[in-house]
Amino acid sequence: MAFVALGANLPSAHGSAADTLAAAVATLAGRNGFDLVGQSSLYESAPVPPSDQPPFRNAVIALRTGLAPDRVLAALHEVERGFGRTRAVRWEARLLDLDLIAHGHRVLPDRAQWQRLAATPDQSPAPTEAVGPCVPHPRAHLRRFVLAPLAEIAPDWRHPVWGATAEALPGFAAPDQPCRRIAATPGQGAA
């Protein structure tokens, strides 16, 4: 099982950010190698780190896949590019952001490198070395906009490093990260 976080805070050719997320879910569900087995509600969150960007629309989906994490990540980046995403500036506003949150119980590249990446502050420069897929996502445990929808669709999921559920991870109750459920699914209501 792979969990993918979706986010957008700019309109795209598909419409509003919520419409873009709905189109991205449909695109991923229609790809060979992916079977959509769960989809969260649509959430609204403030940008992290804080900025003057518009609020984000967020969701999490569960995909059953036999693909290795690097292939899943490559597919996510291909879908992002197909939706018009370019990666120019770290933490910029986005047409579409697809993040591999977890892939089964794997910890990649290895436990020591994962812990080093997870301890890197948000304001640090992006890592320059190619480490390949990093799963679980090194910042997911700190992001309410990932943990709230993840807890909704997979309440029994446990973080592969700490063993805690999404609701027990530090970011779930982060008071400085406003995050609220706004619709039953991406593309429904609340543009």
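This report describes the salt bridges, loop residues, nonpolar cores and first helix of a predicted model.

Residues are numbered from 1 along each chain as its sequence is written, and side-chain values use heavy atoms, with hydrogens and water left out. Because the model is predicted, local features need pLDDT of at least 70 and side-chain atom pairs count only at pLDDT 80 or more, whereas totals for chains, interfaces and linings use all residues.

## Salt bridges

Side chains of opposite charge can pair when their charged atoms come close. A salt bridge is here a side-chain nitrogen of Lys or Arg within 4 Å of a carboxyl oxygen of Asp or Glu. The structure holds 7 salt bridges, and the table lists some of them.

| Asp35 | Arg64 | 3.2 Å |

Helices (H or I, at least four residues) and strands (E, at least two) are DSSP runs, numbered from the N terminus. Burial follows relative accessible area: buried means under 20%, exposed over 50%, and partly exposed in between, with a 1.4 Å probe and protein chains only.

Asp35 forms a salt bridge with Arg64. This pair links distant parts of the chain, with Asp35 in strand E2 (residues 35–39) and Arg64 in strand E4 (residues 56–64), 29 residues apart. Asp35 is partly exposed at 38% relative accessibility, and Arg64 is partly exposed at 47%.

Glu44 counts as buried because its relative accessibility is 18%, and Arg57 is buried at 12%.

Salt bridges that share partners join Glu80, Arg85, Arg94 and Asp97 into one network.

## Charged residues in loops

Which residue is buried yet has no salt bridge? Glu92 is that residue, and the nearest side chain of opposite charge, Arg85, is 4.7 Å away. In this count Lys and Arg are positive and Asp and Glu negative, while His and the chain ends are not counted. Glu92 is found in the loop between helix H2 (69–82) and strand E5 (97–103). Not counting residues up to four places away in sequence, Glu92 is in contact (heavy atoms within 4.5 Å) with Gln53, Thr86 and Arg87.

Arg31 is placed in the loop between helix H1 (17–29) and E2 and is partly exposed, with a relative accessible area of 25%. Leaving aside neighbours within four places in sequence, Arg31 is in contact with Ala75, Glu78 and Val79. Arg31 and Val79 are 48 residues apart in sequence, and their C-alpha atoms are 9.9 Å apart in space.

## Cis peptide bonds

The peptide bond from Val48 to Pro49 is cis, with omega near -5°; Pro49 is found in the loop between E3 and E4. A cis peptide bond also joins Leu108 and Pro109, with omega about 5°. Pro109 is in the loop between E5 and helix H3 (111–118).

In soluble globular proteins, nonpolar side chains tend to be buried together. A nonpolar core is a set of buried Ala, Val, Leu, Ile, Met, Phe, Trp, Tyr and Cys residues joined through side-chain atoms within 4.5 Å. The largest nonpolar core has 28 residues, of which Leu6, Leu28, Phe34, Ile61, Leu76, Leu96 and Leu98 touch the most other members. The elements that give two or more residues to this core are strand E1 (2–8), H1, E4, H2, E5 and strand E6 (179–183). The largest share, 7 residues, comes from H1.

Leaving aside neighbours within four places in sequence, Leu98 is in contact with Val4, Ala5, Leu6, Leu28, Leu76, Val79 and Glu80. A second, separate core of 21 residues includes Phe3, Phe145, Leu150 and Ala154.

The buried residues of H1 are Ala17, Ala18, Thr20, Leu21, Ala23, Ala24, Val25 and Leu28, and they pack against E1, E2, E3, E4, H2 and E5. The expected span of a helix is 1.5 Å times one less than its number of residues. For the 13 residues of H1 this span is 18 Å, which agrees with the 18 Å between its end C-alpha atoms.

## Cysteines

With a disulfide defined as a pair of cysteine sulfur atoms within 2.5 Å, the count comes to 0 disulfides. Cys134 is buried, with a relative accessible area of 15%, and Cys179 is buried with a relative accessible area of 15%.
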